[in-house]
Structures are given as C-alpha cells and as structure tokens.
Amino acid sequence: MNCHYACGTAAHLSRRSFLQGATTGALGMLGFSGMVQASAAQKLASQQKQVVVFFLKGGVSQLETWDPKPGTDTGGPFQKISTSAPGVEICELLPHTARQMQHLALVRGINTKENDHGKGAYIMQTGYRQQPGFEYPYLGSAFSRQLNPPDSPLPGYICLGAGARAQEAAFLGPKYAPLALPEEGAPQNLARPASLTEQHDMQRRLLRQRIGQRFAPGRRDSDLEAYNSSYEQAARLMARSDVFDFSKMPAKDEERYGKHSFARNCRVALRLLENGVTFIKVSHTNYDTHSENFNFHIEQLGEFDRPFATFMADLHERGMLQHTLVIVMSEFGRTPNINSKLGRDHWGTAWSIALGGCGIKGGAVVGKTNEKGTQVIDREVNGGHLFHTYYHAVGLDSSKSFYDKGRPVAKADPKTDALQEILV
Amino acid sequence: MWQRPSDPLGVCWRSMVALTFLAAFTGSKSVQAAPPLHESIDRLIAAGTPDYATLAAPLASDAEFLRRVTLDLTGTIPTAAEAREFLASSDPEKRTQLVDRLLASPEWPRRMQQVCDVLLMERLPQKHVPVADWQKYLHDSFAANKPWDQLVREILSADGSDPATRGAARFYLDRDGEVHQLTRDIGRLFLGVDLECAQCHNHPQVDDYKQSHYYGLAAYLIRGTLFNTPDKKLTIYAEKADGEVTYESVFDLRDKISKGPQTTLPVLFDGQVAAEPKFKKGEEYTVKPDKKVRGIPNYSRRSLLGDAITGPDNVRFRRASANRWWALLMGRGLIDPLDRDHGDNPPSHPELLEILASDLFQRKYDLRGYLREIVLSQTYQRGSFRPADAPPVEPESFAQATIRPLAPEQFAWALLQGTGMLDAERLAQKDKPDLAAIVKKYRGVENRFISLFGNEPGRPEPGFDARTDQALFLANDPLLLSWLQPRTGNLADRLTKIPADNPQAVADELYLATLTRFPNSDEGAEIREYLATRTADRLPALQELIWALVTSAEFRFNH
C-alpha cells in the first residue's frame, strides 16, 4: 500500500510551494517559509499519514481493558461488555471506548518477554530489545523522518504529557527528536522578543547564517549542520506559533472531553493533527498498580475512557481517521495473578494493545490468550510484529533499512512480519 | 603540501617556526636525555600516518590557538583585550607563555572541577552529598594541583564519615553504593573497560572481558552498605565483614553446561589474588554494627581498592588516564571509545599511548604538567580548517584539529565573556578580583545551561545534540538578551561608546570580543553596511550584531 498524495509525493508538493514562497528570497532560507506555506501545510494535512500513540505509562492491565477474563480466579471483579464491533468484548471499565470499537482492532497475543519498565517501553517504542552500545530510533522519530514533509514548518514528532527524550531519535539525528510541549502550553520561547521587529529579527538571523556559512566550508561536520538547522527549525516553528495557541479551542469541547490534563492533551492532539503534525505521543501515567490494582484502574481508566473515545469519534467525524493511525500501548501488561495487596505486577508474557484508523480493520481481533490469561495460545507476537504492522498501516515498507554510518538497520525486525489479519 | 586559499582565519607559519625553536630550547634544559613529551607526541603522530606531512593541516593561527587553548584550560573565551595583546605580540615564546599563564590562573581549577564533575558523576542528581561539597573538593584538589592518582584514591576510599572528605564520598554515595553501577563506572572511568556485558556472561564481542573480571572488581564493593546515622542527618557508605560475589554464566545455564555458581576474591583482571585474614566468629568487627552504630570490619576490602586501581602494578589505570585526558584536549582518544581498551581494539598510535601512560606515571600523575605538554604539541595546535580540494584525513590520524561542541558550562561562560558580562563584573570589582563571587552570582545561569544543553543524567559521552528548544532559548529568551543591554564595561556598552563614524573600530571590537579574531575585509564591510542603515536605532542594531556573532556556529564550537 502506498501513500496517495494529491500531487504524487509529499516532497513534490512542498518543494513547489517552497519555490512560490521563495519570492520572499532569504525568508525561505531562514525557515520563515512557514508563513507563506501555512495553507499548503493545511492542504497537505488532509492527505498526509499521521499517527497518534497513547502511551499508558506504568503498564496498564490487559485484564481490565482489552482482554477481560471475568469469572476466573485471575479475572478480578469486573465484567466484560459487548461493543460496537460484533463479537468483541472488552472490560466494563471502558464503556465509552466500547462504542468506538468498530474503529479499533485488538492484538491479544503479545509476548515481549520483558518485565522491566524501561526495557519494555524500549521494545514497544523501537520494535527491538535493547542492545548495549546501540540505540534504535523510536517510532515517533522514525515516522517523523519518513512521513513528515521535508519542508514542513512543524516538528514531525510532538510529545504531550511526560516522557520525551532527545535521544529517541538515535542515529536519525536531533532533527527527528521529539518536541515536548510543556503542560498546557506552547513550546517555551516561541514568541519573538517584543523589543525586536520582525524585520530586524530576520536581519540578525541572516547575519548569523552568513557568519556560519563562512565558517563551515572546510570544516565538514554533521554537528555544525545540526546546530544551524536547529535555528531554521526554530524559525519555522515561530512562524506557525498559531498552531500552539490552544486558548481558542472551543469551550464546548471541554464539556465533551473533560477538564483534567489528559482530556486537554487529547484536545491538543486533535488540534495538532488538524494542523498537520505527523506524529503525536500522548502519555497518561499511573498504571503501575502493584497494590490496589482494581481501584487504581477504576480511577485511571475512568480518566482515559471518555476523552479517548471522544477523540476517536471526532477523528472519525472529521474524516481524519482514514489517514490517522491511532495506537494505545503500554510498556507491558499486568500479571493475571492477583497479589496479596490486591495488586497485579509487571507482565510481558501475554498482553494486549489496541489500534485503529489508517490501514487498520476496525473490529478485528488477532491473537488469543488461554482461559486465565496466563499464556498466549494463538498468534504470539512481539514488538517486531507490531512495528511491521504500524509501517504497513501507514503505507511504508517495513522491509527497508535505515543506514547508520553506512551500516544498515532494519526498520522492523526481519525475523518478524506484519499482522495481516488486522490490516485493511 | 596543499595550499590554503583564502581562509578567513589566516595562518601563522611564524608561530610554527617559533614553536619548533622553543621545543628545542626547553628540550636542552631537560635533565634526562629523553625529549620533552610534546616532541614525542609530534614525532609519533607523524609516524602513525603515511604521508602525514602532506596531509596534516597547517598550524592554527594565533587567534585560533588562543581561543582553543583558553576554552580548554579555563572553560571560557579570552577577553577582547587579551586577544588584542596576544595577536599584537611578536614574542616567539608567546604560546608557551600563554599556556603557563592560563595554567596558573584561578580559572584553571574551576575548569577542571567542571570537567571532573561531569566525568565522575555524569550529572547524576544529588542524593546524599551536597553537590557544592563535592565541587569544592574537586576545586580545592585542582587548585593544589593534587596528583590525579591521589584524587582517585581519595574518592575510592571516602565513606562520608569524615567531614573533611565528605565531598569526595559523593562518588559512592550518590550512586547509592550500588555494586553493579559502581563496578561498571569504576571499570569505565579508571580502567578504560566497559564490563557491563560481562555481568551476566563473558563479553560476547570482547574476548578480553571475562565475567570473572567483572566479579573480581565487584568483590571489592559487594560488602558495601548504606548506613543512616541515628539523627538521620548523614548517610555513610559502611562496610560489612561478610558477603561474597556469586556468578554464573547465563549462556552456560542456557546450554545446560553450568557447573553452578562461582565466586572470587577481590582482584583486578588476571592479577594476583591476595589471601584474606580469617577472624573468629564474633571478632570480625572493630566496631560491631547495630541499628544505631555503623559497623567497622577488622578487614576492609574496599580500603584496598584505591591502591589496587592506582598502584604501580595496574597499567590499565595509567593507560586509561593518559588516554582520557588526551581525549579531553584532542576530541578523541588514542583508544576509541575511551572505555574499550582491549586486544581487538588497539590504540591508533600504540607507542604513543605507551609513552603518554609512562610519562603520566613518572611525573606522578601531575595532570597540569601532562596537559601542558599536550597543548604545547604541534599536534594539538593543528588548524581545524580543510579546503574542499585537500585530501580527506581520518579523525584517528590527528592530522587536523577536531570541531568540538562547547560543554554546557563552557557555552554559558563563553557567552558571559563574549557579551562582556564578565568584563563588567570584573570592572565592578575594581582592584579586588574575586572569581568566586562571580561564579556564585552566575551559578543559576550555569545550571540553566546545564539543564537545557546538558545530557541526561547517567548517560556518558553521548554525541552533540542541537534541538529546537535550545535555538528558541538562544533566540528569544530574556536571559541572553539581557546581557546585550549596555552595562558599564560590557560589550554593548563599549560599542555604543565608539563614535558612529568609526564602524571599523566597532567591527574589530565585536569580532575580538566574540570570535577572538579581527574581522576580514568582507566581514568589516558587512558590519559597516548593517550599521549604515540603522543610524536612527544604533543600539538595537549593535545588539543584533552581538547576537548574530555569539549564536554563530563559529562561537558554538571549539575549533
């Protein structure tokens, strides 16, 4: 499956617009092209493949979400409920999400064999087990590199809620590192100082660039390039600061989504998608329920359910779900065994994720665990399979490689393949 | 040798001649027949690459050398006045004189404190020992030119119980005395070996790193335990009288060939294992441990570690140290990466590493003297510029200076100097120079730079990171912009006092203060043109010029 852009390729469209923008000459070189390209970016946004990852930090329980086992000694107190997808049942803690299941597929046979938070999160976000001395790029950075139009004024990868690290880009370079948005707001220092006119700001930047251009030749160095490109990115971002003005989000949405910070981040994510941001990670935390697993899941999923479901419904209503892949993941699941503190512990052996939208067959289920959820009994998969599936869903070839200093690095583990069962 | 076309920085061939002359001069004064270290460096670096003479970049200009060595030895850039004086001097010994002045300056121990802080603690957050105590310990050590081996021994023997060495105990205590983290870090930092993979099995890629090596080192530390004083005010790194390491290869377990768990006494690599004294039951402790009392064993394994690491029998320490301090100045180790010293990863210049290591050992780990020799070498003083038509050189040839991003602390202090804020501070102090007061005043600034430009805690030596939020900070944050406001003695103030009909003087002062060199004619013209259109708002125009220079790539990197 290939991406279908109006004009053939993303690069084509944006390069053509760039040339139009270049009538302003140096503006474009400095990254101010964003200003003249705003409409092109919006047009592109309707074609471009986009991705949202909801990362439930700490390890959400599969038994209290996508793979309930009521009536067994591992099942816990909650019942399962039917959903808008025929034959698919999920936990009663997700009543709103249940009404969106026609858009979501479930993968119920994940075995990552990893019970450590950091290492589990690494597998789920890179598709590989951690290796000493080598860093794989995270999904957000990898997709930012492959899906973000090269001249987009906006960063390709934005994180909402905690959990963005510059190192996620690994060898792909800082250009593809996540931009973390601070709680409730725009990136810091986005506004030009009041003492500077726009014209003088541009003049000083042009001068900065010229000084650098005299220095760089004869000192070929990727660090120099990265440093200079960070200013261009900054200027492009400033030119589109309207995207980060969240004060104008409709007030009625607050009623529909909720007022807490996760609900707000869902609304911010929707707005960023509408403005053409390629990849967004929304983190929701506090799922590490070694004690009081059931009370904590009532609380956390109570916070998650409605805004997430509203987000899915809004994406669908706006026609955006066709080109937006949505993934709900965690670093691992939780033990079927209920411990003495009514908690569940770390569990990478048999757990689930949900995904939907672009390229995904809504209502499909792949993989199966046994009666008590202690083992995968059908279609066992790991992080590699999931990565192939994400790539296929957005129309990218997962059999290709990145190159790190000439050394090929497979985009997804070649020992695994995509879950065709849930792909359109 | 290829011709260098119009390099804006210019080359000073004269200084190369001067240096050669000087080397011969100081060499003749030496008591031993052996040539001074910097000559051996140049000889062996040249011998390490065929056609070195044609490949090597010419020596750096006086301006480039001044900036580079000042950043390396003091952590900031020279003042405009220092640049003028140095560039004007025709003294053939001026480079050596400069180096000796910098090494005697109060900025030298401060710079070494910063370097060692990051090196040894890797920006780990404060836990049990105030960072200020640790930094003071480092600062005082370098101010007294404490030998490097002594500093390492002190760090490896401090347990935090003695207020006088509490700062040094941060190495153990703020790692929570965790045996695996300490084993790995001590191996990397002081032995030049990353044994992490050998924790669970013999290293799969490095034949030289065995699981027994990992546990031989861990055995020194396995008995460590954190003790909280009854008043809960202090945490001390106490030691028990018992506790052994046990290990079993997970590969052997998997292949079902394991002979069961093994143990080892403390030992570095394949060295001699010393027998341990035995004590009768009940007599293992000098001070018996109790909930309220820190136990002191009769026999302390950990007390042996410092001597084992830094003692004459352990060649790894001097190799790792010589290599690491070389890399600080050269941007790359002779062994690269710094913590992969093993048979399958030989040094780029084996004989040179031998000489560096034995020199450091023979000069009793006098780091100041050792680093002085490196910066006096022509190898250190090569230019970083290379024309497009020149043949490429490999970084391990050291035939050309590397481009090194400024550390967050260096960047903060270079910006404070470049904008003239430090000039203003010194002017305000009049005749009583007090670096400590300035350091204290700008500690918050330094910390902001560290949090924005620094690496994540506990992640050693990652590559350069240039992010959008950093560029936004430099472009728009009020902090840097506030340094561009005129304040008596700072750069903006000095520039506004230069008559408007003398734009060349403005251009000179701008370039000398920020980039440590005179502008070339194009650059001078560029500034004249910039100012010509801004007669009505000259101050903002001057501020924009300063900003463009201090945010330029030429400023951001040491080159």
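Tutor: A polar contact is a pair of N or O atoms within 3.5 Å, where one must be able to donate a hydrogen and the other to accept it. Keep that handy, and remember that this is a predicted model.

Student: How many residue pairs in polar contact does the rule find across the interface of chain B and chain A?

Tutor: It finds 16, with both residues at pLDDT 80 or more. On chain B's side, α22 (468-476) is among the helices that each supply at least two residues, and α22(B) gives the most, with 7 residues. By class, that side of chain B has 26 nonpolar, 7 polar and 15 charged residues.

Student: What makes B:E64 and A:R219 a salt bridge?

Tutor: Their closest N and O atoms are 3.6 Å apart. The cut-off is 4 Å between a side-chain nitrogen of Lys or Arg and a carboxyl oxygen of Asp or Glu, so the pair qualifies.

Student: How much area is buried between chain B and chain A?

Tutor: About 4000 Å², with carbon and sulfur atoms giving 59% of that. B:L472, B:N476 and B:E526 supply 15% of the area that chain B buries against chain A, more than any other three residues.

Student: Which residues of α18(B) make the contact?

Tutor: B:W413, B:L416 and B:Q417, which meet B:M421, B:L422, B:D423 and B:R426 of α19(B). By class, that's 4 nonpolar, 1 polar and 2 charged residues.

Key
Residues numbered from 1 in each chain as written. Chains lettered and ligands numbered in written order. Predicted model: local features only at pLDDT ≥ 70, side-chain atom pairs only at ≥ 80, totals over all residues. Heavy atoms only, no water. Buried area = accessible area lost by both parts, 1.4 Å probe. Polar contact = N/O pair within 3.5 Å; in protein donor to acceptor, adjacent residues only side chain to side chain. Helix = DSSP H or I, 4+ residues; strand = E, 2+ residues; numbered from the N terminus. Nonpolar A, V, L, I, M, F, W, Y, C, P; charged D, E, K, R; others polar. Contact = heavy atoms within 4.5 Å.
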